[in-house]
Amino acid sequence: MGLRFFLLVNKQGQTRVAQYYQYKDVETRMTLEAEIIRKCLARTERQIIFRRYASLYFIVGADNDENELAILEFIHMVVETMDQYFEGVIMFNIDKAHFILDEMIANGEIVETNKTRIIAPIRVIDKMDKLTSN
């Protein structure tokens, strides 16, 4: 398993999206997130790979043998994909953010990087939601 978790955290250290690919109970997750956020804001940890975009930190925990540069490129891809779908504002629909991550990562492995194929199923759901709401 390559990826262990994916977090989106704002500058105040509040977790906005948390996706885990290995079971951890809620208490362990909260402790882990607090420790990771502290380390990222202090910029001291190497095994945790993160990148800051505007007011959000995109944080990935990965195995030691994962290529850090590849993970940074993947984070950039996630940001571009979410930006394309949400049109600049990510935090309006957390469920859709999780859906995007689920389309890109399965079982801790990156399975899709094509933005069009990632967003297509979400657009279908959006169309179905519009049809059923009318």
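# Cores and helix packing

User: Is Phe-6 buried or exposed?
Analyst: This is a predicted model: local features need pLDDT of at least 70, side-chain atom pairs count only at pLDDT 80 or more, and totals for chains, interfaces and linings use all residues. Residues are numbered from 1 along each chain as its sequence is written, and side-chain values use heavy atoms, with hydrogens and water left out. Buried means under 20% relative accessible area, exposed over 50%, and partly exposed in between (1.4 Å probe, protein chains only). Phe-6 has a relative accessibility of 0%, so Phe-6 counts as buried.

User: In which strand is Phe-6 found?
Analyst: Helices (H or I, at least four residues) and strands (E, at least two) are DSSP runs, numbered from the N terminus. On that numbering, Phe-6 is found in strand β1.

User: Which residues have the most contacts inside the largest nonpolar core?
Analyst: A nonpolar core is a set of buried Ala, Val, Leu, Ile, Met, Phe, Trp, Tyr and Cys residues joined through side-chain atoms within 4.5 Å. The largest has 28 residues. Inside this core, the most contacts belong to Phe-6 and Phe-58.

User: Which element gives the most residues to this core?
Analyst: Six elements are listed as giving two or more residues: β1 (3–10), β3 (48–53), β4 (56–62), α2 (68–86), α3 (94–104) and α4 (115–133). With 9 residues, the element that gives the most is α2.

User: How far apart in space are Phe-6 and Asp-63, C-alpha to C-alpha?
Analyst: In sequence, Phe-6 and Asp-63 are 57 residues apart. C-alpha to C-alpha, their distance in space is 13 Å.

User: At what angle do α2 and α4 pack?
Analyst: Axes are lines fitted to C-alpha atoms, for helices over the stretch in contact, and angles run from 0 to 180 degrees between N-to-C directions. The axes of α2 and α4 are 10 Å apart. Their packing angle is about 35°.

User: Is the crossing of α2 and α4 left-handed or right-handed?
Analyst: A crossing is left-handed if the near helix is turned anticlockwise from the far one by less than a right angle, and right-handed if clockwise. Where α2 passes α4, the crossing is right-handed.

User: How many charged residues are in the contact of α2 with α4?
Analyst: From α2 come Met-77, Glu-80, Thr-81, Gln-84 and Tyr-85, and from α4 come Lys-115, Ile-118, Ile-119, Ile-122, Arg-123 and Asp-126. Ala, Val, Leu, Ile, Met, Phe, Trp, Tyr, Cys and Pro count as nonpolar, Asp, Glu, Lys and Arg as charged, and the others, Gly among them, as polar. The contact has 5 nonpolar and 2 polar residues. The charged count is 4.

User: What covers the buried residues of α4?
Analyst: The buried residues of α4 are Ile-118, Ile-119, Ile-122 and Asp-126. Their cover includes α2 and α3.

User: How far apart are the end C-alpha atoms of α4?
Analyst: The expected span of a helix is 1.5 Å times one less than its number of residues. α4 has 19 residues, so it should span 27 Å. The model agrees, with the end C-alpha atoms apart by 27 Å.

User: Which residues does Met-77 touch?
Analyst: Met-77 sits in helix α2. Its relative accessible area is 16%, so Met-77 is buried. Not counting residues up to four places away in sequence, Met-77 touches Met-104, Thr-113 and Lys-115.

User: Which residues does Ile-94 touch?
Analyst: Ile-94 is in helix α3. It is partly exposed, with a relative accessible area of 29%. Leaving out residues up to four places away in sequence, Ile-94 touches Arg-16 and Val-17.

User: Where is Ala-54 placed?
Analyst: Phi of Ala-54 is near 55°, a positive value in a residue other than glycine. At 69% relative accessibility, Ala-54 counts as exposed. Its place is in the loop between β3 and β4.

User: What is the relative accessible area of Asn-107?
Analyst: Asn-107 lies in the loop between β5 (105–106) and β6 (109–110). Its phi is near 55°, a positive value in a residue other than glycine. Asn-107 is exposed, with a relative accessible area of 63%.

Terms used
Contact means heavy atoms within 4.5 Å.
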